[in-house]
Amino acid sequence: VNLSGTQAKPNVRFDVLKRAIEANQLNIDLIVLNGLEQAISIYGGTRTVGAEYQGTKAPLEEWKPATWQEIFEFWQEAFNLILALLDRGEAQRKKVLSIIGHSIRGFISNNRIEMLDIAIRKVVSINGRYWPEALDSIKHAFEYDSKGMRPEASDALNSWLELLSPVAAELPEKLTILVANPPWEHRKGDDGRYVDVAAENAKALATELSSSIEELLPHLDLLLVGEQK
């Protein structure tokens, strides 16, 4: 959106990415996703050079949005292309989960609730509840941005927390979300000390499973293989 570095309008730039996606190649998909990650970045940047001069002509003027609506449409088109790559392959899926998950806090602050809601619900319908990047982003939004937050933003964050909650999940998903890779979360207790919420959730699940240990045995590999927090 900012410092585009080109005169080309967004529709031309997105058309190039669509043509690249049509190639259906992993290495190209990942390059496209890296570009789209920048497309939805809401953080500013700096540049020490100006527009290009060619001979005696006036300097080239890069594209920049004239209205907020142009920015919103730019972000929406980028989201559409990101979601199109969700089920292309494992590497693409992981990258899409990371990009959208980490964008939640920033777009909530820009009031892009409907855009996020559609994207989050689509991801969960395809990928399931296990989405640590989204959980981290949502919890950070509550922790650092709650002061002055609009009620509709708070309601949306709570609805996404419920959507990603392991309460109604099957045991494999519960083990992954609550034990293997939970979001880092600490909360100040009544005694002034900080409570490790992730640890308490894991202990609660252990207590729940202690009365039916046979249910856990088929899924022990989830607690022994791969990343373990």
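These legends go with a set of close-up views of one predicted model.

Before the close-ups, some housekeeping: the model is predicted, so local features need pLDDT of at least 70, side-chain atom pairs count only at pLDDT 80 or more, and totals for chains, interfaces and linings use all residues. Residues are numbered from 1 along each chain as its sequence is written, and side-chain values use heavy atoms, with hydrogens and water left out.

**View 1**
Helix 3 covers residues 68-84; helices here are DSSP runs (H or I, at least four residues), numbered from the N terminus. The 17 residues should span 24 Å at 1.5 Å a residue, and the end C-alpha atoms sit 25 Å apart, which agrees. That expected span is 1.5 Å times one less than the number of residues. The helix's buried residues are Ile71, Phe72, Phe74, Trp75, Ala78, Phe79, Leu81, Ile82 and Leu83. Buried means under 20% relative accessible area, exposed means over 50%, and partly exposed is in between (1.4 Å probe, protein chains only). What do these buried residues of helix 3 pack against? Their partners are helix 1 (10-22), helix 2 (26-39), helix 4 (90-109) and helix 5 (113-127).

**View 1. The nonpolar core around Trp160.**
A nonpolar core is a set of buried Ala, Val, Leu, Ile, Met, Phe, Trp, Tyr and Cys residues joined through side-chain atoms within 4.5 Å. The largest one here has 46 residues, and Ile104, Trp131 and Trp160 have the most contacts inside it. Helices 1 to 5, plus helix 6 (132-145) and helix 7 (151-164), each supply at least two residues of this core. Which helix gives the most to it? Helix 3 does, with nine residues. Zooming in on Trp160, and leaving aside neighbours within four places in sequence, its contacts are Ile104, Ile108, Ile113, Leu116, Asp117, Ile120 and Ile138; contact means heavy atoms within 4.5 Å. As general background, nonpolar side chains tend to be buried together in soluble globular proteins.

A salt bridge is a side-chain nitrogen of Lys or Arg within 4 Å of a carboxyl oxygen of Asp or Glu. How many turn up in a search of the whole structure? The search finds nine. One of them pairs Lys18 with Glu77, with the closest N and O atoms 3.1 Å apart. This pair links distant parts of the chain, as Lys18 is in helix 1 and Glu77 in helix 3, 59 residues apart. Lys18 counts as partly exposed at 33% relative accessibility, and Glu77 counts as partly exposed at 22%. Another joins Lys95 to Glu37, where the closest N and O atoms are 3.0 Å apart. Lys95 lies in helix 4 and Glu37 in helix 2, so this pair ties together parts that are 58 residues apart in sequence. Lys95 is partly exposed, with a relative accessible area of 23%, and Glu37 is partly exposed at 29%.

Glu90 and Arg93 form a salt bridge with their closest N and O atoms 2.5 Å apart. Both lie in helix 4, three residues apart, about one turn of the helix. Glu90 is partly exposed, with a relative accessible area of 44%, and Arg93 is partly exposed at 23%.

**View 2. Two loop asparagines with positive phi.**
Asn24 has phi near 55°, a positive value in a residue other than glycine. Asn24 sits in the loop between helix 1 and helix 2. Is Asn24 buried or exposed? At 52% relative accessibility, Asn24 counts as exposed. Asn111 is in the loop between helix 4 and helix 5, and its phi is near 60°, again a positive value in a residue other than glycine. At 32% relative accessibility, Asn111 counts as partly exposed.

**View 3. Lys174 in helix 8.**
Lys174 lies in helix 8 (residues 171-180). At 15% relative accessibility, this lysine counts as buried. Not counting residues up to four places away in sequence, Lys174 touches Pro166, Val167, Ala169, Val179, Leu205 and Glu208.
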